[in-house]
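This report walks through one protein chain.

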Amino acid sequence: MTDVPLDTGLRIGGLVSMTVEGTDLQKGRAAYRKKGGNLGEVPLGSHAAKALDRYLRARSRHRLANRPDLWLGLEGPVTTSGVRQVLARHAEAIGAEDLHLHPHMFRHTFVDWWLRNHRAGDQPDRDHGLDQCQAAGPVRPSHPAGSGSPVLPAAKPRGRRADRS
């Protein structure tokens, strides 16, 4: 589930709105519902396509496999709250609870990766669902340019409210 937003820049709402029928691994594209409710389509990179292929094979054995929703939990379709719970469990499993991992970090990571791997002046386009990201100007990376796969930037641990000045 984390591979898709890392590889596409989708918002959490777009991620949970994906359907089995709208996901075309052959064409490398997936339909989703945009923030305003309109339908959109996003290109899938090879990493996300491979992850989705593995997921779809496992999903076919799920007791609710006949549902149109792509992402299934134990009781039904995964919601935005469910995505946050999955991320919290992953963070706990690797001992990174203090990072306060949240879904929008994946979107920022995608934009940062995109900028590091495209020509200067290029902007992520509507295909990536990022057309509303920077109405006021160009997107800027959150840390120095580099190369390689998308990697979540290190988050600063949050202190307690009393610890803040």
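Setting aside neighbours within four places in sequence, V4 is in contact with G9, L10, L15, M18, A48, L52 and W71. The model is predicted.

V4 also belongs to the largest nonpolar core, which has 22 residues. V4, M18, L52, W71 and V83 have the most contacts inside that core.

## Overall layout

The chain holds five helices and three strands. Along the sequence, the pattern reads α-α-β-β-β-α-α-α. Of its 165 residues, 35% count as buried. Take the contacts between residues at least 6 apart in sequence: 54% of them join residues at least 24 apart.

The elements with their residue ranges:

| Element | Residues |
|---|---|
| α1 | residues 3-8 |
| β1 | residues 23-24 |
| β2 | residues 29-33 |
| β3 | residues 39-43 |
| α4 | residues 80-93 |
| α5 | residues 104-116 |

## The sheet

The three strands form an open sheet in the order β1-β2-β3, with antiparallel pairing. β1 and β3 stand at the edges with a single partner strand each, so one side of each has no neighbour in the sheet. Five bridges join β2 and β3 in the antiparallel sense. A31 has its bridge partner in β3, namely E41.

## Helix α5

How far apart are the end C-alpha atoms of α5? They are 19 Å apart. At 1.5 Å a residue, the 13 residues should span 18 Å, so the two values agree.

Ten of the 13 residues of α5 are buried, so the rest of the structure largely encloses this helix. The buried set is M105, F106, R107, T109, F110, V111, D112, W114, L115 and R116. These buried residues pack against α1 and α4.

## R59, a buried charge

R59 is found in helix α3. Which side chain of opposite charge is nearest to R59? It is D69, 6.2 Å away. R59 is buried yet has no salt bridge. The cut-off for a salt bridge is 4 Å between a side-chain nitrogen and a carboxyl oxygen.

Note on methods: Residues are numbered from 1 along each chain as its sequence is written. This is a predicted model: local features need pLDDT of at least 70, side-chain atom pairs count only at pLDDT 80 or more; totals for chains, interfaces and linings use all residues. Side-chain values use heavy atoms; hydrogens and water are left out. Two strands pair if DSSP finds at least two bridges between them. Helices (H or I, at least four residues) and strands (E, at least two) are DSSP runs, numbered from the N terminus. The expected span of a helix is 1.5 Å times one less than its number of residues. Buried means under 20% relative accessible area, exposed over 50%, partly exposed in between (1.4 Å probe, protein chains only). Contact means heavy atoms within 4.5 Å. A nonpolar core is a set of buried Ala, Val, Leu, Ile, Met, Phe, Trp, Tyr and Cys residues joined through side-chain atoms within 4.5 Å. Lys and Arg count as positive and Asp and Glu as negative; His and the chain ends are not counted.
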